[in-house]
Structure formats: C-alpha cells, structure tokens
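Please read these notes with the structure open beside them. Each point takes up one part of the model.

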Amino acid sequence: MSMKHYMIRVILPILFTALPAGLVAADSVRIGFVTTLTTPAGVIGADMKNSVELALEHIGNKMGGLDVELIIEDDGFKPDIGKQKTDKLVKQDDVHFVTGFIWSHVLLASRQSALDSGKFLISANAGPSKMAGVLCHENFFSTSWQNDQTPMAMGAYLTQQGIESLYIMVPNYAAGKDMLSGTESTFQGEVVGRDLTKWGADAQLDFSAELAKAKASGAEGLFVFYPGKAGGAFIRQYQQAGLQDVLPLYSVFTVDSINLPRFQDAGMSGVLGSKMTMFWSPDLDTPGNRRFVSAYLDKHGKYPSFYGAQSYDAIMLIHSAVEAVGGNLDDKDGIRAALKAANFESVRGPYLYGNNHMPIQNFYLREVVEDEAGRWTTRIVDTVFENHQDPYAAECQM
Amino acid sequence: MTRPLLRTNGLCKSFGGIVATDHVELDILPGIIHAIIGPNGAGKTTLIAQISGALKPDAGQIEFNGHDITSLSSSRRAQLGLARSFQVTSVFMPMTVLENVMLAVQGADGHSYRFWRPVHKDSEMLEKSMGYLQQVGLADRARHLAAEISHGEQRQLEISMALAMKPRLLLLDEPMAGMGLEESSRMIRFLAKLREQTTILLIEHDMDAVFSLADTLSVLVHGSVIATGTVKNIRANPEVQRAYLGEEHA
Amino acid sequence: MDWSLLLTQLMNGLQLGLLLFLLASGLTLIFGIMDFINLSHGSFYMIGAYFCGSIVARGGSFLVAVLVALVGMFIVGALIERVIARRLYRADHLDHVLATFGLILIFDAIVHIVWGPSGMAIPLPAILDGQVTLGSLVLPTYRLVIISGGLLVAAILSVLVTRSRLGMMIRAGASNRTMAEALGVNIHKLFLIVFAIGATMSGFAGMLIAPITEASIGMGNDIIIIAFVVVIVGGIGSIKGAFHASILIGLIDTLGRSYLDDLLKIFMSLDYAETAAPALSAMLVYILMAVVLAFRPQGLFPPAGIRA
Amino acid sequence: MTAWFPSSISGRCYCVLLVLLAVAPWIFQWTDQPFLLDLLSRGLILAIAATSLNLIMGYGGMVSLGHAAFIGIGAYCVGIPAYYDLYNGWFHLGLTIVVSAVFALLAGAVSLRTRGVYFIMITLAFSQMVYFAFVSLEEYGGDDGLVIYLRSEFPDFLTMQGPVALYYWIFATLLLTLFLVHRLVRARFGRVIAGAKHNEQRMQSLGFDTYRYRLTCYVISGVTCGLAGMLLGNFTGFISPEMMSWIRSGELIFMVVMGGSGFLFGPLVGTGAFVILEQYLPEFMKFLNPSWLEYWHLPFGLLLVLLVLFGKGGIHGMLSKLDSRTRQSDR
C-alpha cells in the first residue's frame with residue numbers, strides 16, 4: 001500500500017472526511033482474509049497466511065486478467081472483532097470475496113455482514129453445522145468439511161477394525177461435542193467412558209486425571225480431539241503415561257503439520273504410528289497437492305497443515321470462478337455458478353459441492369510416519385469414505 | 001431519679017488473650033457531659049467503638065433511651081441519635097467543607113434514596129448545613145476542600161458533622177487531639193456551650209479540658225471502670241490517684 | 001470405587017497444587033508486601049518455559065537448562081522490578097491491573113517475535129520420560145519429579161521465610177510495611193529481592209510444566225487467574241495460606257473433573273450429568289473463592305498481624 | 001457546576017463531541033463511509049457499558065472485574081428469546097432489565113460484603129461462573145455462540161431495523177445513561193455513594209446503611225450494562241460466551257481508566273480511544289511493514305504501560321491540564 005493509499009484508506013476515514021469507498025479502483029480483485037494472527041492461535045493464522053500467499057504466487061497474482069489485492073485482517077480470536085473486520089472489508093474496502101475464518105463463532109458473527117451485502121463468503125476452515133443446514137446461503141461456500149464427517153470416518157474405521165470398546169476425550173465446547181457425537185454415530189462398539197475437559201480462556205492442559213481414568217477403563221482404544229496447543233500437551237502426556245502400548249491412540253484434528261515438527265524436536269516418538277482420519281494429507285497424490293506441498297516445503301522448510309491446504313484451495317477456487325467470468329466481477333450469477341462447479345485443481349483432487357455448498361469428498365485414514373528426509377509427517381493408509389456428504393445437507397433449503 | 005440515656009450492662013470484649021473491656025457498667029444521664037479518662041491502652045476507644053456499633057461486644061448489653069441496641073448496626077444507632085467523632089480525623093478529604101456537612105445533614109434526614117435532584121440545588125439543605133458551619137465558625141471555609149483546611153479546623157468540621165446528625169448523645173473521641181493551645185481552648189468553650197443541646201460522652205487526654213468540662217467522670221483502667229463520680233470526688237479518690245493519676249504524673 | 005485410580009488422581013491434584021503454589025507464593029508475597037497486583041506474573045511462567053526450552057534445544061541437558069534459566073529468571077525479575085514495577089507501587093490497584101495487563105501484551109508479543117508463534121516442545125532425558133511402578137500404581141516418572149521439585153521449593157521457601165534474616169524482613173513486610181521500614185529494613189532492596197524471587201519461582205513452575213504441556217504464548221495467562229484465586233483463598237501475603245490453598249484447589253479441580261460426573265449421575269439423568277459436570281467442575285474453584293470471600297474475607301490463613 | 005454547558009475547554013470539547021455524535025450518520029452517509037458507522041455503533045455500545053462501570057468504579061470505588069457478564073446477560077436476553085422466535089422488543093427489554101437486576105442483586109449481595117481487591121476477585125468469580133454456565137448450555141450454542149437472526153422488534157417510530165435507526169437507539173441510550181449518571185452522582189444518593197468510596201465507616205456513623213446504597217448502585221450499574229449487552233446482541237446479531245470472559249471485563253476497566261475514571265465523559269472518550277486503537281493500530285502496523293500485523297499487541301501494551309506511568313487521570317486528566325479553569329466540580 002502506497003503512502004497515498006494509506007492516507008485515503010486509513011487516516012482520512014479516521015478524520016471523518018474520507019473519499020467515497022466507490023472511488024477505490026475497480027480494476028482489481030479484492031479478497032479479504034480474516035484469520036487469527038495474535039494470541040496463541042496465531043500459529044494457525046500464520047500457516048493460512050503462508051498458503052494464501054503461495055496460492056497468489058502460483059497464479060501470478062492475477063485472476064481473469066485482473067490484479068489481486070489481498071487484505072489480511074486479524075480477528076484476535078474474538079467474534080465481535082471478526083465481525084468488525086468483516087464489516088470493514090465489506091463496506092470500506094469493498095472486497096469481492098471474504099474468506100479465511102478459523103473459528104465457528106467468528107464466522108457465525110461475521111456471516112450476516114458479508115452475505116447481506118451480497119459478497120461471496122468462503123470459509124477456509126470454520127464450518128458450524130447451522131451454516132451447512134438451516135443457515136445455508138447461495139453465496140456461502142466452504143473449502144473444508146463438517147465437524148461430524150471426520151470423526152464419523154474414524155468411527156467407521158474403528159468398527160471395521162473390530163474394536164469393541166473405546167474411551168473418548170474431547171474438550172467441552174461445541175466442536176468437541178460434534179466430534180464426540182460424530183464418532184459415536186458410526187462406532188458400533190461400546191463407549192466405556194468419555195471426558196469433556198474444560199475449554200476456553202483457561203483451557204485445561206493437564207490431562208493426567210482423564211488419562212488415568214482412560215487407562216483404568218480397560219478400553220481397546222482412545223479417541224481424542226485436541227486442536228491447537230492442547231494437541232501437543234495431550235500427546236506428551238499420553239506418551240509419559242506410557243499408554244502407547246496399552247491404549248492405541250486414534251485422533252482427529254490433534255496431530256497435524258503444525259505440531260509434528262515440534263513433537264519431533266522434543267523426541268515424542270509416542271505419536272509415531274498413531275492414526276487419524278482426514279480429508280487430506282500432504283502425501284495425497286493429486287496434481288494440485290503435489291504443487292502446493294512441494295512449493296510450501298521449498299519455501300518454508302516444513303509441511304503445510306490442513307488449514308493451509310484449505311486456504312490454498314479457497315484462493316484457487318476464487319481464481320477458477322473469476323477466470324470463468326473472464327474477470328467480470330459484476331457477473332455474480334456467473335461467479336456463483338463457477339464456484340459451485342469447483343472446476344479447479346484442488347489439493348484434495350476433484351470434488352463436488354452439495355446443495356449446501358459443502359464439499360462432497362473422500363476421507364482417508366492417515367498414519368504418522370517419518371518421510372525420506374527424516375521429517376515426521378502423515379501418510380495415507382486407507383480411504384474410509386468415498387465422496388462423503390455431510391449430514392446437514394438435507395436441512396438446507398437450497 | 002432520671003432514667004439514664006445510655007446504659008451498658010456487663011460489657012466485655014477481648015482480642016485474642018487481651019481483655020480490652022471487662023464487665024463495664026456505665027450509666028450516662030441526659031443533659032450532662034460525661035467524661036471517660038484512663039491511661040493509654042485502658043480500652044477507651046474500644047469502649048466507644050462498641051457503643052457506636054463499630055465493634056460487637058463479646059458479652060453484655062447496651063441500652064439507649066430504654067431500648068436494647070446491642071445487635072443494631074452502627075448506621076441504625078446513628079439514626080437513633082448516637083453520633084460520634086473519630087480519634088483520627090475522618091472527614092471526607094476530597095470533598096468541600098460544605099459537602100461534608102451536607103452529608104451529615106442528609107444522614108439526619110433519614111434515607112437518601114433520592115436519585116434525581118442535585119444536592120447543591122437543595123436550598124433548604126444548603127441553609128441548614130451553613131447553619132452548622134456557622135455554629136463552629138467554619139462558614140467562611142465552606143467552599144474549601146476539607147484537605148486544604150488546618151488540622152484544628154478539620155476537628156471542628158468533624159464535630160459540626162456530628163452535630164448535624166442532631167444527636168441525643170454525642171460520642172467524642174479525643175476531640176482536642178493534635179490541637180494547638182488556642183484551638184483547644186476555643187474547642188473547650190464551644191463544647192461547654194453544647195451541653196445545652198445534647199448529652200456528651202467525652203474521651204479526652206487533656207486533663208484541663210476534662211476537669212473544666214465534665215459533669216461526671218468515669219475512670220477506666222485495664223478495661224474496667226474503677227470509679228465514677230464528680231470531678232471533685234474522683235480527684236479525691238485514692239484508688240484513682242494510685243492507679244491513674246500517679247502513673248500519669250509520676 | 002477404584003482405589004488406585006483415586007490415588008493417581010490425588011497425586012495429580014497434588015502436582016497441580018504444587019505448580020500453583022510456585023506461582024502463587026511469589027504472587028502473594030508481591031501482593032502482601034508491595035501491595036502490588038501483578039497480572040503479568042504469569043508471563044514469567046511463560047518466559048521461564050521458553051528460556052529452559054531454548055537451552056535444551058541448543059543441546060543443554062534438562063537439569064543444566066533449568067539451573068541456567070533460573071538465574072535468567074532472577075535477572076528478568078529484577079530488571080522488571082527496577083524498570084517498571086517500582087514506579088507502580090504507589091499507584092492504586094486499578095493502575096496495577098492496567099499496566100500489568102499491558103505488560104502481558106508486551107511479553108506475549110516479544111515471545112512471538114523471538115520464538116515465533118508455534119510454541120516449543122521440550123524433550124526430557126530418557127531417565128525422566130518413563131514411568132515408575134509402585135505396587136498396582138503406575139505413574140509417569142516426570143510427575144514425581146514435579147511433585148518432589150515443588151515440595152523441595154516449598155520446603156526451602158518455608159525455611160527461608162521462618163528461619164533466615166531475609167525471611168524475617170519478608171514476614172515483617174507482609175504483616176506491616178511501615179513497621180518494617182521503622183525497623184530499618186531496606187525496603188527497596190527487599191522489594192527487589194522479593195520480586196525477583198517471585199519471578200524465579202513462577203519461571204520455575206513454567207519450566208516444570210513445559211515438558212508436559214509445551215511452552216506456548218499466553219500459557220501463563222491461563223493459569224494466573226487460578227493463582228490469584230489461590231492467593232485470595234489462602235490469605236494475601238501468607239506463604240502458608242498459599243501452600244494450603246494451592247493444594248486444596250489442585251485437589252478440588254482434579255477430583256472435580258474426575259468424579260463430579262459420577263456424583264451427578266446419582267441424582268440426574270446421564271445426559272444431564274455429562275453436560276452439567278464439566279461446567280460445574282470448571283466453576284468449582286470460583287465457587288470456593290466466592291464462599292471463602294463471603295464468610296472469611298481475609299482468607300483461610302491470613303498472615304499474623306493482620307486482623308480482619 | 002454542571003458539565004452540560006461548561007465554560008471549560010474540556011467541557012466544550014465534550015459538547016462538540018456529543019453534537020458530532022448526533023450528526024455522525026449524516027456525515028458518514030455523505031462521505032459514503034458505512035463502516036465507520038458500524039465502528040461508531042460498537043464504540044458507543046461499549047461506552048454505555050463503560051459508563052455503567054464508571055458509576056460503581058469511578059464514583060463508588062467498587063472495581064469490578066466481572067462487568068462483561070452483564071453484557072453477556074443482556075445479549076442472551078435477546079438471543080435466547082430470538083432462538084424461540086420471540087422478537088418482541090419490549091419483551092427483550094423487560095427481560096434484560098429483570099435478569100440483569102436479579103443477577104446484580106444476587107452477585108452484589110455477596111460481593112459487597114468485601115472491599116478493594118477482594119471485591120475485584122469476587123466479581124471475577126461470579127462472571128466466570130456465568131461464563132462457564134453459558135459455555136455448557138449446548139442448546140444455545142455453547143461455546144460456538146448463538147446467532148440472532150432478526151433484531152428486536154419495536155413499533156415503527158422506535159424501530160431498530162437498519163444501521164442508522166440502530167445507531168440512534170444506541171446514541172439515545174448513551175445520552176440517557178450519561179444523563180442518569182450525571183444526575184445520580186449529584187443527587188443525595190450519589191453523595192452517599194461517593195462518601196462510602198472514601199470512608200465507609202464514617203458514613204455508617206452518619207447513619208447510612210452503606211451496604212444497601214452500594215447494592216442499589218451496583219444494581220443500577222448492572223442493569224445499564226445489561227442494556228448495553230442487549231444493544232450489542234442486536235448490533236452483532238450474534239452472542240457467544242467469549243464476550244463475557246474476564247479479558248473483556250478487563251478491557252472495560254481500561255476504557256474507563258484510559259478516559260478518566262470518575263468523570264462523566266471519561267468512559268466515552270476512553271472507549272473511543274480503545275476502539276480506534278483496536279481497529280487502526282493493526283492497520284498502522286501493516287502499513288509500516290505488512291508482516292508486522294501480528295505484532296500490534298506490542299505497541300498496544302506499551303501504550304497501556306505508558307498511560308499508567310505518565311498519563312495520570314487518563315485522557316480527561318490531560319484535557320483538564322489544558323484547562324486552567326477546571327474546578328473539581330465535574331467530579
């Protein structure tokens with residue numbers, strides 16, 4: 001942003017004498033990206049930001065012949081700030097697409113601001129079930145998944161394997177409960193115990209009590225969902241409690257490319273061989289994914305996470321739509337139809353959008369392994385679901 | 001015989017192992033100045049605190065005007081007509097002198113659940129408050145912050161606040177503490193006049209003041225009252241001389 | 001009832017309690033002696049963890065890392081006292097809250113800049129990473145290390161406070177600052193030492209916990225509120241109170257998490273109990289504090305000389 | 001002695017400020033800056049909450065680290081009825097007032113047995129309890145929060161629909177709150193509260209049952225803050241427990257202190273400064289260097305520390321220094 005731009009867009013509005021927003025140049029595609037850059041969750045935002053920037057490099061920062069202007073905003077992990085940033089993107093920067101969003105509550109709070117003003121809203125992670133169901137909208141798309149799908153895949157896999165008893169630990173918040181119910185809906189053995197641990201501002205990171213209970217329960221497997229820094233804390237304690245031999249670990253969204261390098265640095269070998277389900281893996285053999293992962297590895301020296309993969313896809317999806325209308329951003333119907341077609345090289349391979357604009361996609365079983373270069377990563381061992389659609393699609397009146 | 005305005009009955013209070021008040025029986029008759037004297041640590045302030053309600057006694061009763069007030073809070077007692085001044089000056093420093101007295105007038109008026117009318121537009125209250133300030137000779141200081149006036153003036157303010165409560169019994173805890181000679185004698189003259197308005201229970205170290213003001217004297221030693229009587233009686237009491245005056249003047 | 005499980009949970013509660021004590025003891029002294037509310041006390045917890053982690057990452061052994069980091073924490077604490085905290089003692093509590101919240105933001109941002117956003121896992125030497133079997137009880141070795149480390153510091157602190165000259169000054173300062181000054185205690189020096197010791201202990205707690213939970217930005221902000229609860233429940237300025245309250249709250253929190261759902265299932269439906277139990281167990285410590293404050297506002301073990 | 005048409009510089013500033021706020025929607029419409037109206041709306045809602053906190057904290061010496069709980073309660077009083085398709089605004093308003101008053105009465109009755117730092121901690125405890133209670137209420141979204149599809153419905157002449165109408169609701173509520181506080185602190189009731197802040201024992205000896213007065217004050221403040229929450233629920237169209245975490249209560253304290261605790265316009269000015277910093281400091285960092293965006297907490301924290309060390313009395317205090325004629329009548 002040049003000094004002049006800065007004057008026009010930042011300082012002058014403060015002085016209440018700004019130029020009308022309509023004067024902002026119309027010859028660029030403006031994309032607003034809302035994520036979390038501060039607070040401990042900033043690590044996720046950083047990975048998403050890296051991936052978005054990579055995507056823009058790959059398309060030469062052009063869409064349909066127009067320059068792309070990316071505006072990144074920090075929601076600070078707070079729903080009302082997320083809404084405020086979205087308002088700013090929509091009303092002041094007059095972006096064409098709003099994307100990003102790690103957290104359900106931030107997306108729910110920002111949803112109306114983006115959609116009411118006729119913008120396209122593309123979630124690169126958050127997927128509250130309401131927005132796949134009753135709150136679905138013609139201009140809302142997702143490049144992620146529904147919370148239930150991944151644990152449902154896990155439950156199905158465990159049933160396939162003949163596991164008869166399972167102990168479940170999840171944090172006590174909406175997503176945690178989704179993971180719990182998702183697993184239980186497809187797992188046909190007995191759930192011998194479940195713990196909902198404290199989450200939020202002073203989340204519980206000491207799981208010794210629960211692990212002791214899990215061990216005492218005599219279950220054949222332990223299913224957990226601990227996103228973010230809780231994941232590291234959990235794995236370490238799982239290992240220290242010496243459970244890897246007696247209570248095999250099955251997880252969702254707990255072990256990822258963000259924390260695996262740290263686990264490796266800390267020698268937490270207990271995580272090697274643990275299994276999880278996911279719609280994607282760095283080793284997934286699709287043209288889009290090969291390009292994304294190898295470029296990311298070259299540039300940042302580590303594997304991208306699924307947050308990054310989804311963010312990369314979000315930009316690529318927008319790219320495909322803008323290309324399809326030849327850069328005519330006023331052709332909303334054309335853009336919408338092109339988005340819905342999802343005609344681009346997704347990192348997950350080709351996929352379809354359901355009526356609710358959630359991807360219909362495969363779910364894989366992945367395992368933590370060491371790659372040829374000695375880096376810990378995940379590798380696909382099996383496909384659990386093929387072209388799986390989320391269970392809320394039926395609730396969507398679209 | 002006149003009924004006492006205040007009567008304490010077997011009042012006891014101890015802190016840890018230290019007995020501060022030991023079965024104190026006290027009758028304060030209306031219309032007089034009753035002084036309590038005693039060496040340092042005799043338990044005078046503790047006694048005042050129990051009478052005013054700031055401290056709960058361990059045992060015993062306090063009767064005020066024929067009613068048992070032992071279990072009442074200090075604010076209830078104040079509403080019944082028991083006003084006090086503090087040993088350590090405790091006027092409201094960030095407020096003006098006038099505002100200080102106005103608070104006391106408000107207190108005497110009963111409840112203050114009046115949310116709308118600004119007090120500084122309440123001319124009746126302003127007049128009343130100025131009246132009390134005139135009485136103690138602080139009228140010209142009315143608009144000054146309490147923190148700005150001299151220590152002696154603050155003591156006077158303290159008393160005028162107590163008076164604004166229209167008390168039946170005024171508890172004065174060392175009103176002359178920290179005052180200069182001239183200020184003290186002005187205060188003595190003032191208190192002497194007050195006798196016509198209200199009953200006073202006075203705690204004071206300044207013996208000249210006590211002897212010139214008090215109608216009745218009680219001597220407190222180690223938490224118990226060893227003698228009560230007129231100034232003349234007490235001066236002549238050998239036990240008092242031994243226990244108290246001897247110590248003090250040795 | 002599974003007795004070995006209960007025993008394990010008791011050990012876990014004890015461990016949490018001891019960690020809380022390491023934080024709360026410094027907090028309560030700083031609070032009691034300087035009358036200073038330090039919200040950023042939890043930042044020392046974070047910095048300690050990162051110091052220790054960095055040294056281990058450069059090939060130091062865990063033990064050496066802890067020792068070096070402890071010295072580092074003392075210096076950081078002393079520095080913060082000299083540069084910022086000292087200027088704030090005379091301000092009111094409101095200003096303390098404001099300024100130390102600002103400090104939290106600053107510390108978090110500095111850690112973000114220096115160590116990046118992704119946190120840091122700290123490997124343990126193999127000897128500490130295993131588990132010990134005591135009869136039917138299997139415990140992670142490192143848990144025992146934390147417990148013994150915490151108890152050791154508690155013991156040292158109690159000897160320091162009750163036996164040494166410094167301890168005498170600390171006690172005098174905690175119960176009556178003016179009197180301590182009158183006794184010829186060099187208040188400035190005392191404040192500096194107390195603050196630095198507090199920072200060191202907070203950092204030590206961070207070093208102990210980091211191999212379990214990883215070092216992460218803002219890790220201290222999660223625990224500082226509970227540490228304040230400990231200080232209040234124990235009585236401001238009281239080391240003994242902080243100790244008892246820490247253990248109490250550690251046990252209540254751990255046992256609440258483990259057994260509250262079973263307890264609730266006795267008199268409500270399963271679904272209801274599973275929803276209510278986590279909420280209630282999260283509230284337990286706050287309920288405890290509210291009850292203590294309502295009935296014993298000066299805390300359970302106020303330091304001698306403070307009368308309510 | 002009133003602050004409404006003052007002769008002082010700071011007083012005039014505030015008068016101009018209020019006039020500007022009154023015409024702000026026109027200015028923004030004219031300059032085509034709809035986002036600034038959103039920003040201002042949120043700022044004024046927080047200013048109402050901060051003003052309510054100022055009543056107990058600045059005037060009454062009761063520092064609450066749990067005031068955000070009332071914002072949450074007010075917002076859920078819109079959100080939960082809306083969840084059941086009840087959009088009647090009068091019902092929302094009534095419910096907000098009743099629920100905030102009851103919670104303030106219960107929490108206050110216990111909390112006001114303590115003073116000073118103990119009061120800070122016990123108010124924190126109560127707000128944490130409310131926080132965890134709403135986190136566990138899965139029916140109403142739990143941690144994910146609750147979407148409020150439609151705004152509270154009022155008769156046409158009082159409608160909240162549309163950004164400008166909502167803005168004037170907020171502005172009117174703010175004016176009412178400011179006026180209420182202005183009258184309250186100068187009335188007999190307010191004098192008792194002020195007296196109890198400085199010396200509670202003395203007030204008792206003057207016959208005031210200070211506990212009851214403080215409790216009344218706490219309830220008034222709680223209800224006012226609840227109203228701010230009701231407006232926030234309508235403004236955001238969303239409510240989650242995160243909005244009542246202790247950090248949010250802390251932010252309210254900062255707004256009051258930043259502007260000038262115990263001054264009528266302090267919270268308004270402080271909230272303005274806070275919201276502007278929160279929105280434009282990241283922008284500014286991004287402008288300096290695009291990769292510095294994530295470090296904007298650093299200058300923000302520095303500002304807070306410097307404010308405490310050198311900015312006694314907050315922004316109002318600095319304004320007052322300009323103003324040699326300011327007497328302490330604007331207390």
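**Notes on domains, chains and core**

1. The domain assignment of chain A, automatic or from a database, gives domain 1 (3-145 + 285-350) and domain 2 (149-278 + 363-395). The model is predicted, local features need pLDDT of at least 70, side-chain atom pairs count only at pLDDT 80 or more, and totals for chains, interfaces and linings use all residues. Residues are numbered from 1 along each chain as its sequence is written, with chains lettered from A and ligands numbered from 1 in the order in which they are written.

2. The centres of domain 1 of chain A and domain 2 of chain A, taken over C-alpha atoms, are separated by 29 Å. Their contact takes 16 residues from domain 1 and 17 residues from domain 2, where two residues are in contact if their C-beta atoms, placed from the backbone, lie within 7 Å. On the side of domain 1 of chain A that touches domain 2, the elements giving two or more residues are α2 (42-58) and α5 (129-132) of chain A; helices (H or I, at least four residues) and strands (E, at least two) are DSSP runs, numbered from the N terminus. The largest share of that side, three residues, comes from α2(A). By class the side of domain 1 divides into 10 nonpolar, four polar and two charged residues. Here Ala, Val, Leu, Ile, Met, Phe, Trp, Tyr, Cys and Pro count as nonpolar, Asp, Glu, Lys and Arg as charged, and the others, Gly among them, as polar.

3. Which chains touch? In chain C, 36 residues are in contact with 34 residues of chain A. The largest share of the chain C side, five residues, comes from α1(C). That side has 17 nonpolar, 12 polar and seven charged residues. Another contact takes 37 residues from chain D and 39 residues from chain A. The chain D side of that contact has 16 nonpolar, 12 polar and nine charged residues. Chain A and chain B do not touch, and their nearest C-alpha atoms are 35 Å apart. No contact joins chain B and chain C either, and their closest C-alpha atoms lie 10 Å apart.

4. In chain B, helix α3 (residues 97-108) and helix α4 (residues 123-135) pack at an angle of about 110°, with their axes 9 Å apart. Axes are lines fitted to C-alpha atoms, for helices over the stretch in contact, and angles run from 0 to 180 degrees between N-to-C directions. The angle therefore makes α3(B) roughly perpendicular to α4(B), a term for 65 to 115 degrees. The contact of α3(B) with α4(B) has eight nonpolar, one polar and one charged residues.

5. Is Tyr45(C) buried or exposed? Tyr45(C) counts as buried because it has 33 C-beta neighbours inside 10 Å; a residue is buried if 20 or more other C-beta atoms, placed from the backbone, lie within 10 Å of its own, and exposed if 12 or fewer. Tyr45(C) lies in helix α2 (residues 41-57) of chain C. Leaving aside neighbours within four places in sequence, its contacts include Leu23(C), Met219(C) and Ile223(C).

6. The largest nonpolar core has 423 residues. Such a core is a set of buried Ala, Val, Leu, Ile, Met, Phe, Trp, Tyr and Cys residues joined through C-beta atoms within 7 Å. Cys52(C) is among the residues with the most contacts inside this core.

Note on methods:
Parallel < 35°, antiparallel > 145°, perpendicular 65-115°, else oblique.
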